[in-house]
Amino acid sequence: MTVRTRFAPSPTGYLHVGGARTALFNWLFARKHGGTFVLRVEDTDEARNSDEAKQAIFDGMNWLGLDWDEGPQKGGNYGPYFQSERKPVYDAWFQKLVDADRVYEDGGAWRFRFERKPVTMHDLVCGEVTIDYRDESNTPDMVVKRSDGSYVFHFVNVVDDLEMEITHVIRGEDHLMNTPKHLQLIEAFGGKAPEYAHIPLILNADGSKMSKRDAGAAVGDYPKQGFLPDAVVNFIALLGWNSKTDEEIFTPQQLVERFSLEAVNRAPARFDIDKCGWVNQQHLAKIDTAEFAKLAQPFVEADGLPVGENFLAVATAVKEKVRLLNEVPNAVNFLLKDDFDFDEEAVAKVRGNSAAAGLLADLATGFENLSDWSADAAKEALAETAKAAGAKPGQLMFPLRVALSGRAHGPDLGDVLSLLGRDRCVTRVRHFSNLLAH
């Protein structure tokens with residue numbers, strides 16, 4: 001059997017992280033088994049659909065690297081792949097139910113006549129689930145065609161899965177109770193049901209249900225914030241799936257190799273945007289410095305900072321310090337321009353050392369007297385300045401960092417000294433010394 005999975009979003013808004021996780025699990029399963037991943041757009045809700053939402057789905061999936069084998073922009077033998085273009089298909093399948101006397105009219109709408117028996121489904125994640133259709137008050141016959149002639153989700157969903165020969169339906173647990181209805185329809189059509197796997201819901205870190213307004217909900221926001229696509233794929237794979245090892249950082253190819261529905265959890269997944277940032281940091285650490293600089297540059301330029309010839313070295317200095325690419329401008333601004341703000345807490349801490357102003361003034365002179373500038377030479381000058389004043393070099397390190405960067409933390413001090421050069425270091429140290437003295 002050739003595995004065929006599908007992702008069937010409705011274009012009524014942006015691509016939600018829950019939808020992206022559903023798409024990812026279907027993509028991983030298809031890739032793992034050498035199968036086909038189908039994108040099908042459920043765009044029958046004309047009042048709520050929009051072209052912008054369709055494009056957001058395509059853009060989000062392309063950015064994540066979830067390439068589909070069949071569907072919009074790709075074609076395939078089972079199209080059309082927009083439900084709005086499939087009405088003749090649905091009409092033909094509806095006629096099968098009419099001919100089998102499984103539907104009846106009710107107030108202009110058409111209802112599907114359930115068989116009054118227990119229906120058991122074997123879910124690949126949730127196990128065995130039974131719905132007893134003998135109680136009609138609990139399970140009334142289902143509308144499949146509205147009075148305006150349009151078909152409901154349950155009907156078109158089943159028809160499309162049968163027509164497109166989908167073998168595995170991997171979808172959110174909120175659809176679990178729909179599946180027995182779908183099995184009744186499939187049986188009425190004389191079709192072969194796909195295997196079903198209902199994956200756990202995604203909750204916020206505090207256990208509340210994730211809404212569209214919550215941080216991290218919109219896939220389209222991730223590129224703007226400087227997340228790497230592979231990192232986001234890695235993170236959302238961990239929302240409900242467990243590698244059964246202590247490892248948490250995976251490339252998409254490693255995820256394909258390791259993914260299985262048996263390892264999908266039954267319990268709801270907790271979304272943690274901080275954890276997503278940490279995963280991104282691990283992925284940033286693995287890319288080379290040239291690639292990092294290339295990816296960071298648009299963020300730095302968008303912040304209005306000048307990108308000079310030494311930007312590769314500047315970016316390299318902060319590569320291990322940032323979690324997201326949009327943090328790079330703030331991390332490097334003092335290296336790219338001389339007009340920067342001082343952190344008040346850092347300055348207050350330096351002021352607590354009454355000798356700092358004098359030591360920095362002496363250090364500026366020591367720097368000025370260096371004929372050959374290097375980080376090592378600058379550090380030697382610092383050590384000599386401290387020794388002459390009867391102080392320890394460590395007492396000068398923090399005031400020097402604040403003088404050069406305006407902040408308490410940042411890149412390695414040696415990198416800062418090298419990147420700024422002698423003249424800029426002298427100017428900044430002298431300026432800060434005067435600031436402290438007044």
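Which strands and which helix make a right-handed β-α-β unit? Strand 8, helix 5 (residues 179-189) and strand 9 make this unit, where a crossover counts as right-handed if, with the strands pointing away from the viewer, the path from the first strand over the helix to the second runs clockwise. This is a predicted model, in which local features need pLDDT of at least 70 and side-chain atom pairs count only at pLDDT 80 or more, while totals for chains, interfaces and linings use all residues. Residues are numbered from 1 along each chain as its sequence is written, and side-chain values use heavy atoms, with hydrogens and water left out. Helices (H or I, at least four residues) and strands (E, at least two) are DSSP runs, numbered from the N terminus.

**The β-α-β unit**

- Strand 8 (residues 168-172) and strand 9 run parallel and are joined by 5 bridges; two strands are said to pair if DSSP finds at least two bridges between them.
- Within this pairing, Gly172 has Ile199 of strand 9 as its bridge partner.
- Strand 9 (residues 195-199) is largely enclosed by the rest of the structure, because 4 of its 5 residues are buried; buried means under 20% relative accessible area, exposed means over 50%, and partly exposed lies in between (1.4 Å probe, protein chains only).

**The antiparallel strands**

- Strand 3 (residues 103-106) pairs with strand 4 (residues 109-112) in the antiparallel sense over 4 bridges, and in this pairing Glu105 stands opposite Trp110 of strand 4.
- These two strands, strand 3 and strand 4, form a hairpin with 2 residues between them, and Gly107 in the turn has a positive phi of about 65°.
- Strand 4 also pairs in the antiparallel sense with strand 7 (residues 142-145), over 3 bridges, and here Phe112 stands opposite Met142 of strand 7.

- Helix 17 (residues 413-437) spans only 24 Å between its end C-alpha atoms, whereas a straight helix of 25 residues would span 36 Å at 1.5 Å a residue; the expected span is 1.5 Å times one less than the number of residues.
- At Gly421, helix 17 bends by about 105°, the bend being the angle between axes fitted to the seven residues ending there and the seven starting there.
- At the start of helix 17, a side-chain oxygen of Asp412 comes to within 2.9 Å of the backbone nitrogen of Gly414. A polar contact is a pair of N or O atoms within 3.5 Å; within protein, one must be able to donate a hydrogen and the other to accept it, and residues adjacent in sequence count only if both atoms are side-chain atoms.
- Arg428 is placed in helix 17 and is buried, with a relative accessible area of 6%.
- The side chain of Arg428 has a polar atom 2.8 Å from the backbone oxygen of Phe334, and the side chain of Arg428 also reaches the backbone oxygen of Lys337 at 3.2 Å.
- Leaving aside neighbours within four places in sequence, Arg428 is in contact (heavy atoms within 4.5 Å) with several residues, among them Asp338, Phe340, Ala403 and Leu420.

**Val156 in helix 4**

- Val156 sits in helix 4 (residues 153-163) and is buried, with a relative accessible area of 2%.
- Not counting residues up to four places away in sequence, Val156 touches Gln83, Tyr90 and Tyr151.
- From C-alpha to C-alpha, Val156 and Asp272 are 35 Å apart in space, and they are 116 residues apart in sequence.

**Backbone features in loops**

- Most residues other than glycine have a negative phi, and most peptide bonds are trans.
- Gln73, in the loop between helix 2 and helix 3, is not a glycine, and its phi has a positive value near 75°; Gln73 is exposed, with a relative accessible area of 57%.
- Pro80 lies in the loop between helix 2 (51-64) and helix 3 (87-99), and a cis peptide bond with omega of about 0° joins Gly79 and Pro80.
- Glu165, in the loop between helix 4 and strand 8, has a positive phi of about 55° although it is not a glycine; Glu165 is partly exposed, with a relative accessible area of 46%.
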